[in-house]
Amino acid sequence: MKQKVNRKASPNAELRGTPIEVSATADSLKFESKVAQKYLNSTNEQKINNHESKYGVPKKPRQVHVSKTNNDNLNNLGVSTANPQAKKMSINANKMNKTKPNKSSALKIVFLGGVGEIGKNMTALEYNDQIIIVDCGLSFPSNDMPGIDVVIPDYTYITENIKKVKGVFITHGHEDHIGALPYFLKECPVTVYGTKLTLTLIANKQKEKQFELKSKTVNPGDVVKAGCFSVEFVRVNHSVAGACALAITTPIGVVFHTGDYKIDFEPIDHNMIDLSRIAEIGKKGVLCMMGESTNCEKEGHTPSESSVGKTLEKIFAENQTRRIFIATFASNIYRVQQIIELAVKYGRKVAVVGRSMLNNIEAAIRIGEFYFDKEVFIDVDKINKYEDKEICVISTGSQGEPASALSRLASGDFNKIEIGKNDTVILSSYPIPGNESSVNRVINNLYKRGAIVIHENVHASGHACQEELKTMISLLKPKYFIPVHGEYRHLKIHSMIAESLGVKPENILIPEIGMVAEVTKNHIMPRDHVQSGERLVDGLGMGDIQSDVLRERKILSEDGLCVVVVTVNGESGELVTDPYLITRGFVYSQEAEKLVEDAKQVLIDALKEFDFKQMKDFNEFRNAVRKPLRNFFYKQTMRTPMILPIIYKG
Ligand SMILES: [Zn+2]
Ligand SMILES: [Zn+2]
């Protein structure tokens, strides 16, 4: 990829980056502890102000760099480290600080998810004894996780430090940003801040997941005080309404987290991303920017959401005698709004299928996100009372999810509607990577039923492409840059873009899950790792599926199971009958009979020498059965089924 160097960092940016060392005096330390006390007191209030937050250099010196030694940095970090040398240094630092107030000058950014992957976004900012969290999302299981419903971040670091947490700030209501909250809030009942639609989408989960939600609604432009942090919500455009970036004022400077965004000059709700506020924040000085990287491989600009409406209108105009079905993401309220408006314009009634679609439309109407006359909607049962040209069906399932309305329509399992020759089906989405084959199956099935399917160019992404990423970096002019929300290649390319715009390479940090980045006014660096990774959720189990369960499921799914029942005379310790073998998912029945007979003989030979009376524990027996049988099966079939031995004392 070619990245042109468009311009150098402005002289101001260079100036902002100049290290300013302030030496500690008795007075300034006293002042510091007062400020700290004030911050601590204010945590109980957590008021939402509509006032502008104070960006840029604080009027009074909030930061005191006692000395720039490693000891200090380690102590500031307060994270246990595996390096014994480091531990020693940390203890020394503690000793040293007994004579001075324990004052930290470093901000920690703890990456718990969403970096090196797309999904389960979660980041913590920590300063002294105060933590705020940005987003708390889930990801969906990959193919090597049989039976797993969802994957959430391992947030042990937060549960262990729950007393420090001042709140969770949610950028927007997509699952990869809110999906882990039902699990997280059960363990960590802290206040959640978000815009109206975001909180409504979170609250919608309460029916199913039963958790308590303590929340405060904010509007774009609001500033929330949370301990020593103040968080300003800044409006951005995205594929869900109510999306915001966060400008977080920390004691050492402003950290700007973009959330997911695009720059849409013609947004459906006429509320464009607040570029002037972003420019203002950039002008006052941004210490560190965390920028989403999803579309950084794509050149140019992301098309406006309203361009999709124009394409859809063309389809409506060309299909006036046919019945129209449109599948899209349930959370894309703007898309849904455009579809309903077109239906009204072309004299069609709207039937909504799919639970999440119904819930989201209902929620959007309830909170005033959009308004439609009730007359517009009809129950799906009533569809057949209307002519084809009078019907528009909005459904879920644009990703080919097997249980979704569209999949069932395509496979003929939807008993209220039958797809036929006079139907035009539009998939207004891109398949998310990994879902392509499911989507293709749905498209094939729809064609088999006689429908016409339109699935190209009827979607606009919600994520910024290269020119928008450049605009954001140029407006913010951050000293430090951290690419987030992307796989490693996205993070790397996004950091190259930042570098081409003048961010110094040593000021760019590519994070990974579990990394603790240390940020001071003088440097940014990876400092430590905390426990992190994946928690797998299976049915009612909450993040408690151990990897051995998964390993067993994989063996069962790949090579099957063989149960061995051995009946032993309780007194003599001899075999009463031949061993009994049951196989499942292992061999085809034709080959099974001979194989099982031979396997029995292998077992009889192996157990000849085995003294059941002297047996110390069950493991001894298990090994005596497993080893010869596994070798035998592997030689015969090249498979290694799970072997489950059982002793029955007769
Ligand atoms: Zn999103
Ligand atoms: Zn996202």
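## A walk through the model

Let's start with the big picture: the protein has 20 helices and 25 strands. Keep in mind that this is a predicted model. Of the 650 residues in the protein, 43% are buried. If you take the contacts between residues at least 6 apart in sequence, 73% of them join residues at least 24 apart.

Our first stop is a loop. Ala243 sits between strand S10 (229–235) and strand S11 (244–250). Leaving aside residues up to four places away in sequence, Ala243 touches Thr171, His172, Val236, His238, Gly259, Asp260 and Tyr261.

Now move along to helix H13, which covers residues 355–366. Its 12 residues reach 16 Å from first C-alpha to last, close to the 16 Å expected at 1.5 Å a residue. The buried residues here are Met357, Asn360, Ile361 and Ala364. Look down the axis of H13 and these buried residues fall within an arc of 100 degrees, so they line one face of the helix. What do they pack against? The partners are helix H12 (333–345), strand S15 (349–353) and strand S16 (391–395). Just past the end of H13 comes Gly368, with a positive phi of about 80 degrees.

Val439, Val442, Ile443 and Leu446 are the buried residues of H15. Viewed down the helix axis, they fall within an arc of 100 degrees, so they too line one face of the helix. That buried side packs against helix H14 (405–411), strand S17 (423–427) and strand S18 (452–454). Turn to the face pointing away from the buried side and you'll find the exposed residues Ser437, Asn444 and Lys448. After H15 comes Gly450, whose phi is positive, near 100 degrees.

Next up is a hairpin. Strands S20 (residues 515–519) and S21 (residues 524–529) pair in the antiparallel sense over 5 bridges, with 4 residues between the two strands. To find the pairing on screen, look for Glu518 and its bridge partner in S21, Met525.

The last stop is an open sheet of 3 strands, in the order S24-S23-S25, with mixed pairing. Strands S24 (580–584) and S25 (642–649) stand at the edges with a single partner strand each, so one side of each has no neighbour in the sheet. From one strand to the next, the twist averages 15 degrees. Strand S23 (residues 561–568) runs antiparallel to S24, and 5 bridges join them; Val565, for instance, has Tyr580 in S24 as its bridge partner. Which helix packs on this sheet? Helix H20 (residues 618–637) does, touching S23 and S25, and its direction makes about 135 degrees with that of S25.

Methods
Residues numbered from 1 in each chain as written. Chains lettered and ligands numbered in written order. Predicted model: local features only at pLDDT ≥ 70, side-chain atom pairs only at ≥ 80, totals over all residues. Expected span 1.5 Å × (residues − 1). Buried ≥ 20, exposed ≤ 12 C-beta atoms within 10 Å, placed from the backbone. Arc of directions from axis to C-beta. Contact = placed C-beta atoms within 7 Å. Pairing = 2+ DSSP bridges. Axes fitted to C-alpha atoms, helices over the stretch in contact; angles between N-to-C directions.
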